[in-house]
Amino acid sequence: MLGLIKNLGHVLYRIWFYVLVTLPILLFFPFLLALTLSEHTYPQFFWLARNFWARPILYGMGCIPIIKREQRMVKGKSYMLVANHTSMLDIMLILVVSRNPFVFVGKKELVNIPIFGFFYKRVCIMVDRDDVRSRTGVYRRAQRRLDQGLSICIFPEGGVPEEHVVLDQFKDGAFKMAIAHKIPVVPMTFYDNKKRFSFTFLSGGPGRVRVKVHPFFETGILATEDTSTLREEVREVILQELSSN
């Protein structure tokens, strides 16, 4: 009986999450739509998404952000944001962490999510990892967004790792792009998102969601052949942090 009640609580918690995800989008739909008509209004779209979508979801789920910063981003400067990926809460948390407007680079399959996918395809840089032309086009689209003063966010594991994996191997894309565009890499460790809202259905619950913003990796003097070294150094920082907590 106790197990049944617990499972019911997990189901209701999941339903409440999707209500919180959907409701702000419906309430602000005309404003969000208007702000996606031009790339030049993306900072305003980002501000709305950060403050009236991401924050209400986290706090509404009882997931209180606790942010520790070892270095702070400078307003108006572009960065490459990277973090470990274990939960749908990662999207909301990284929006709350960064005041600097950034654009997600993510897989095209997310456009299939009802309502969320409608805006995802309008404001994010989508990539089909099985298509060489798509992967090449990402660099061109990212350059345009960087020229507009925005940052880029990529989850370098390329997806959510298996349940038993602490941190999957990183893919080159984020680091190659950071070197090509000479922007600092901002590593972040998300400690609790998997515990709060993992991809296992009957799991999760409210509590703090801690994140650490590590010292940045500068790329100004790096060349393309340094990609793998940068990739592994950034991964090691996040892996050590996860392993010690």
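Tutor: Let's start with Lys182, which counts as partly exposed because its relative accessibility is 43%. Buried means under 20% relative accessible area, exposed means over 50%, and partly exposed lies in between (1.4 Å probe, protein chains only). Please keep in mind that this is a predicted model, where local features need pLDDT of at least 70, side-chain atom pairs count only at pLDDT 80 or more, and totals for chains, interfaces and linings use all residues. Residues are numbered from 1 along each chain as its sequence is written, and side-chain values use heavy atoms, with hydrogens and water left out.

Student: Where does Lys182 lie?

Tutor: Helices (H or I, at least four residues) and strands (E, at least two) are DSSP runs, numbered from the N terminus. Lys182 lies in the loop between helix 7 and strand 6 (185-190). Its phi is near 55°, a positive value in a residue other than glycine.

Student: Which residues in helix 7 are buried?

Tutor: They are Ala174, Phe175, Met177, Ala178, Ile179 and His181.

Student: At what angle do helix 7 and helix 9 cross?

Tutor: Axes are lines fitted to C-alpha atoms, for helices over the stretch in contact, and angles run from 0 to 180 degrees between N-to-C directions. The axes of helix 7 (residues 173-181) and helix 9 (residues 227-243) cross at roughly 120° and come within 9 Å. That makes helix 7 oblique to helix 9; angles under 35 degrees count as roughly parallel, over 145 as roughly antiparallel, 65 to 115 as roughly perpendicular and the rest as oblique.

Student: Which residues meet there, in helix 7 and helix 9?

Tutor: Contact means heavy atoms within 4.5 Å. From helix 7, Phe175, Lys176 and Ile179 meet Thr227, Leu230, Arg231 and Val234 of helix 9. By class, this contact has four nonpolar, one polar and two charged residues. Ala, Val, Leu, Ile, Met, Phe, Trp, Tyr, Cys and Pro count as nonpolar, Asp, Glu, Lys and Arg as charged, and the others, Gly among them, as polar.

Student: How do helix 3 and helix 4 cross?

Tutor: The axes of helix 3 (residues 42-60) and helix 4 (residues 89-97) come within 9 Å, crossing at roughly 125°. That makes helix 3 oblique to helix 4. In helix 3, Phe46, Arg50, Trp53, Ala54, Arg55, Ile57 and Leu58 meet Leu89, Ile91, Met92, Leu93, Leu95 and Val96 in helix 4. The classes here are 11 nonpolar, no polar and two charged residues.

Student: Is Phe46 buried or exposed?

Tutor: Phe46 is buried, with a relative accessible area of 2%. Leaving aside neighbours within four places in sequence, Phe46 is in contact with Leu95, Ser98, Arg99, Asn100, Pro101 and Phe102.

Student: Which residues touch the most other members of the largest nonpolar core?

Tutor: A nonpolar core is a set of buried Ala, Val, Leu, Ile, Met, Phe, Trp, Tyr and Cys residues joined through side-chain atoms within 4.5 Å. The largest one has 73 residues, of which Trp53, Met80, Ile152 and Met188 touch the most other members. Helix 3 gives the largest share of this core, nine residues.

Student: What does Trp53 touch?

Tutor: Not counting residues up to four places away in sequence, Trp53 touches Val21, Pro24, Ile25, Leu48, Ile91, Met92, Leu95 and Phe116. Phe116 is in helix 5 (residues 116-123) and counts as buried, at 16% relative accessibility.
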